[in-house]
Structures are given as structure tokens and as C-alpha cells.
Amino acid sequence: MPTRTGKLPTIDTKRADKLVMALMAVPGKSGQEAAVASIIERELLKAGAKRSWIFRDDAHRKSPFLDRGGQCGNLILKLPGTIEGPRRVLMAHMDTVPLCVGSKPVRKGTAVRSADRNTALGADDRAGCCTILTAALEILRRKLPHPPVTFFWAIQEEIGMNGVRYGAISKLGNPMRAFNWDGGACNQLRLGATGSYSLEIGIKGLASHAGAHPQRGVSAVAIAGIAIADLQRNGWHGLVAKGGKRGTSNIGILSAGDATNVVADRVVIHAEARSHDPAFRKRIVAEYKKAFARAVKRVKNDQGKRGKLSFKALHKYESFRMSERDPSVREAMAVMHALKVVPELGIANGGLDANWMTARGIPTVTVGCGQRKPHTVEERLEMLEYLTACRIALNLALGNGA
Ligand SMILES: [Zn+2]
């Protein structure tokens, strides 16, 4: 690959290694990213970043999640270019799932795991944070010539991509290329991801004494049972495949009733529906609504009274699909080829920060950095892959794939 510098720059692997070991050990589930953000900021300043290049936004106050009580907003480092070229953004999320709190990273062969077998490691996505941090530090310390480049550490990805959804995207400086590092192998390029609704379904029944006169009650549990059986029987629960379209749905939480001797007068259900196809995703949601509405009609008490349904569908994120000819995808592939990494193109069945980046006008390709089995106690980080990801990130930051 012809690069601007003629040869590919390398990274300080010892430093990159130390950074990720340190950052994975810092507790910071969604909403509690302050400690991680200040470590990153300190490293940037130490390496020579000007204070005026660093921004914190107030995404945590704009997001309705966590009652607007997150500790801090997104962290952004915006470097003016020293050479010409389109601005690029490199990003990763700072939060982890709660299972990572208490992680004690230890090396086992080529991988790192948590010594505490009850916690996940937190490589998702501290490895991503350190991948782009390493790139930023190399540029700052060695004063490498670079096009305009923004580094973006986002908050609250794991609970709905809130950092990107509610963040000050205008502070990124209109990037024309966008790269996101999140869970997966270092050669993985995700060009798209599914979209999702979250559903909150409430059923209000009628309480009565379950022993003395159950016939006077309307059981919300019975209504829920009928509706769920209906969805399951007709193929709308779990893996949904109809007429060539595919999606998934899941009833994940169901809470109901207060006592065994009272006909249950309330059920609250939390569910989700996903599909890459927006129309089909809407259809799944509509089928849920119809099934519950039908079930409400089928249960009545001895006076003909029925229960009531409330049905809320929140659009969590939209699906997207980038072309292989998208300039960000092309640059990522070019840099991988130059580093002798064979790119593996795919799409994700979960949401990514890239969903909201794309929805907010910045199509973003997502790359892995060596994480395996995220969100489980078996999570590990393949260190060689992580270091490769750091090299990929640095070269993308330098515009070497262009
Ligand atoms: Zn992640």
C-alpha cells in the first residue's frame, strides 16, 4: 500500500499492553464512566494534547436513561490536521456491562482473562478505548503527520447507545470517515447492524379473592399466558422467519401479581423485537400488539368485565447497511491488507454505536480488537489481535488507507 510516509508506522506495544491491562481493571458500568474518562484525558494531556482540543459533552444529562444521572458525558479529542485530507473519527465506548465490575485482568498464554471467575473481563470495550487511545498517543508523542482526526470515547453504549444518540455529534467536526472499535476479532469489519424495538406491555386485570370468588376477577396472568402461547404457536416469538423475512423477538421479563390468594390484576412484560428489515420489525411489533389485544378479549369475569392493555413500543435503534464501496470501508480494508490482515466482512445482529452514528448522518464501520465472548464470565482478550487493532487504528488515523 502506498502510504504518505512510505512505510507503515508501528506502535509502542509495551505501552499499549499496559494501558489495556490498567483500563480493564477500572470499574465503570454504563453511567459510571468518570474514572475511565479521566484516565484517558490524563494520558492525552501527558502526551502533549492541548486542553483546547479536548471536549466533554453533556450526553448523560440529555439521555433520559438512568434518570439523567450518569457521571459524565462523552470525551472527544479533536486534532487539527497537519496534512490535508478528509476528517476522520475513531471511536469506542467507555462503559462495560455490570458483569465486568471487579475484573482482575491476568495473562493466560496469548490471552487475558479476569482472575475473578465471577466477573467478565471488560475488554468490551476497554480494548476499543485503548486501541484508539494508543493511536492518539502515538500521533501526539511522535508528532506524526496526520489529516484532521477526531477521537471519540462514548458513554452508555451498553444500555442503548446513549452517548452517540444524545451526544454533541457536531463537536466531532463533520468527519467524512468513521471507524468504531467494539467486540470481535481484529479482522472483523461490520458494515451493518440490526434495528430494535423495546416493548413494554401492561395488562390490567381485576383483583378478587382467589378462593371465595375467583369468577369475579379478571386474571392478567391468564391474559398474558394466552397471548404468549398465541405468539409462540404462530411463530412470532423467538426466531421469526416468514416469507423470506427474518427477525427475532423475546419476552425477557414478566412480573405479575402479589399473592396466591388474589386473582392477579396486573402483569408487566418487557420484550424486544429485532430485524434488519425495518418494515418486518414493525410487523413483529404489530403482531405482538394484536396477540395481546386478542387475549384481552378472551378473558372476562362473571359480569362480562375484561382487562385492559397498554402497549408501548420504543424504537431503540435503526438498522443500517453500508456499501463495500463506502470510503470508510475501503480505507479499513486497505489498511488491513497492508498489515497482512484478511478482512472478514459481516453484519451484526446486535446494536452498535454505529447504528446511531449512521442514523445521525455519519456512516460508521465497526472493527473488532480481539475480544471474545463479551458479556460472559469467559470473556477474554487476544493480545496479539489487540495490538494489531492498535496498528490498524493508527494507520487509519494517519489516513494511510486513503
Ligand atoms: Zn461493546
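Asp125 is located in helix H4, which spans residues 123-142; helices (H or I, at least four residues) and strands (E, at least two) are DSSP runs, numbered from the N terminus. The peptide bond that joins Asp124 to Asp125 is cis, its omega being near 10°. Most peptide bonds, by contrast, are trans, and most residues other than glycine have a negative phi. The model is a predicted one, in which local features need pLDDT of at least 70 and side-chain atom pairs count only at pLDDT 80 or more, whereas totals for chains, interfaces and linings use all residues. Residues are numbered from 1 along each chain as its sequence is written.

Positive phi values occur at two non-glycine loop positions. Asp67, which is not a glycine, has a positive phi of about 50°. This residue belongs to the loop between helix H3 (59-62) and strand S2 (75-79). Asp67 counts as exposed because it has 8 C-beta neighbours inside 10 Å; a residue is termed buried if 20 or more other C-beta atoms lie within 10 Å of its own, exposed if 12 or fewer, and partly exposed in between, with C-beta atoms placed from the backbone. Lys340 likewise shows a positive phi, near 65°, and is found in the loop between helix H8 (327-338) and strand S15 (344-348). With 7 C-beta neighbours inside 10 Å, Lys340 also counts as exposed.

Strand S10 (residues 238-242) and strand S11 (residues 245-256) pair in the antiparallel sense over 5 bridges, where pairing requires that DSSP find at least two bridges between two strands. Within this pair, Ala241 stands opposite Arg246 of S11. The hairpin of S10 and S11 has 2 residues between the strands, and Gly243 takes a positive phi near 50° there.

A further element is an open sheet of 4 strands in the order S4-S5-S18-S17, with antiparallel pairing. Strand S4 (105-108) and strand S17 (371-372) stand at the edges, each with a single partner strand, so one side of each is left without a neighbour in the sheet. S17 pairs with strand S18 (residues 380-382) in the antiparallel sense over 2 bridges, and Arg372 has Arg380 in S18 as its bridge partner. Helix H10 (residues 383-397) packs on the sheet, touching strand S5 (111-114) and S18; residues are in contact if their C-beta atoms, placed from the backbone, lie within 7 Å. The direction of H10 makes about 60° with that of S18, axes being lines fitted to C-alpha atoms, for helices over the stretch in contact, and angles running from 0 to 180 degrees between N-to-C directions.

Note on methods:
Two residues are in contact if their C-beta atoms, placed from the backbone, lie within 7 Å.
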